[in-house]
Amino acid sequence: MGVAAVAVTADPLDIEPLIALVGADGDGAVVTFAGVVRNHSQGREVRFLEYEAYEPLAVRALQRIVDEAKGLWPHARLAAHHRIGRLEIGEASIVIAAASPHRADAFAACRYMIERVKQIVPIWKREHFDGGDVWLEGATADPDDEAARVKAYRTACA
Amino acid sequence: MRVTVRLFAKLRDLTGTGELIREVPEPATAHVVWSALVAEWPALREYEKTMSVAVNAEYSRMIATVKDGDEIAFLPPVSGG
C-alpha cells in the first residue's frame, strides 16, 4: 500500500517515504521540515507532550493546506504527516516534504504548510511538565479567515 | 432530534467526556446545541469567543442548522505542529 500524502497517525514519523512520494526527476529541491518536542516551554521543564486530534477533520484540513499550497506554488508536490499520542523529548510531531524544480518554491511551500497547520488543523497538545500539565491553545481555527492565510503566505515568502 | 457532540482537549476535560448524545428541539443550530452544553457545564462559556465548530467533520458556523444524526464538534483553539 502506498504512503498517503497527508495522514494523522499514532506511529513514529518517518520523513523518507514522504520524500519518495513527492520527488520527481525534474526536481531541483526537496525541502523537509520536522517539528520536534522541545524540553522546555515558557520557563517550564517539559517531560513529554500528548497530542490529540479530531482525526477526520484533521486529515481534511491537512489536505486543504496541501491544495492551498499547490494553488500558490503550482510546480510543488507536497506531503505532511502529523503524529498523535504521547511524544517524548526529541520525537517528531510533524513531518513535511515539499519538492519542486526550484528551491524557492520548495522552501516557501514547506514553510506555508507548517504555518497553516498551526492555524487550522484540529490537533491539540497537552504539555506535561514537572508539577502539572496544561493544554496549549493557539489559533482559533477558521480556514476561511483570509487574514490568517495572507499571514502564512507572507511568512512563507519572507 | 438527536445529535452527537464531540469535545476535545480542554473542553473534554471540563466536561469529563469526549462524546455525548443530546436531544435538541427542531429546528436547531450548532449554537443551540452549544447553549445546552453551557447550561450543563458553565465553565465552557469562556470558550464561546475562541472556539470553532464542525458539523459532520467539516468546519461550520454556530449559526448553521443541524439535523438529526449530525455530529457536532466543538474545537478549542488549536495547537498542532
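Me: Which residues have the most contacts inside the largest nonpolar core?
Reply: They are A:Leu78, A:Ala80, A:Ala98, A:Ala109, A:Met113 and B:Leu75, in a core of 69 residues. Such a core is a set of buried Ala, Val, Leu, Ile, Met, Phe, Trp, Tyr and Cys residues joined through C-beta atoms within 7 Å. The largest share of this core, nine residues, is supplied by helix 3 of chain A.

Me: What kind of model is this?
Reply: It is a predicted model, in which local features need pLDDT of at least 70 and side-chain atom pairs count only at pLDDT 80 or more, while totals for chains, interfaces and linings use all residues. Residues are numbered from 1 along each chain as its sequence is written, with chains lettered from A and ligands numbered from 1 in the order in which they are written.

Me: Back to A:Ala109: which residues is it in contact with, leaving aside neighbours within four places in sequence?
Reply: A:Ala109 is in contact (C-beta atoms, placed from the backbone, within 7 Å) with A:Ala69, A:Trp73, A:Ala76, A:Leu78, A:Ala98 and A:Ser100.

Me: How do helix 3 and helix 4 of chain A cross?
Reply: The axes of helix 3 (residues 103-120) and helix 4 (residues 146-157) of chain A come within 8 Å and cross at roughly 145 degrees. Here axes are lines fitted to C-alpha atoms, for helices over the stretch in contact, and angles run from 0 to 180 degrees between N-to-C directions. Helices (H or I, at least four residues) and strands (E, at least two) are DSSP runs, numbered from the N terminus.

Me: And which residues meet there?
Reply: From helix 3 of chain A, they include A:Ala108, A:Tyr112 and A:Glu115; from helix 4 of chain A, they include A:Ala152, A:Tyr153 and A:Cys157.

Me: New topic: how many residues does each chain give to the contact between A and B?
Reply: Chain A gives 26 residues and chain B gives 17. On the side of chain A, helix 2 (55-72), strand 7 (92-100), helix 3 and strand 8 each supply at least two residues.

Me: Which strands does strand 8 of chain A pair with?
Reply: Strand 8 (residues 123-129) pairs in the antiparallel sense with strand 9 (residues 132-135) over four bridges, and with strand 4 (residues 44-53) over seven bridges, again antiparallel. Two strands pair if DSSP finds at least two bridges between them. A:Arg126 stands opposite A:Trp135 in strand 9, and A:Tyr51 stands opposite A:Lys125 in strand 8.

Me: What about the hairpin of strands 8 and 9 of chain A?
Reply: This hairpin has two residues between the strands, and A:Gly131 takes a positive phi near 100 degrees.

Me: Is A:Arg38 buried or exposed?
Reply: A:Arg38 is exposed because 11 other C-beta atoms lie within 10 Å. The cut-offs are 20 or more such atoms within 10 Å for buried, 12 or fewer for exposed, and partly exposed in between, with C-beta atoms placed from the backbone. A:Arg38 lies in the loop between strand 2 (29-36) and strand 3 (40-41) of chain A.

Note on methods. Two residues are in contact if their C-beta atoms, placed from the backbone, lie within 7 Å.
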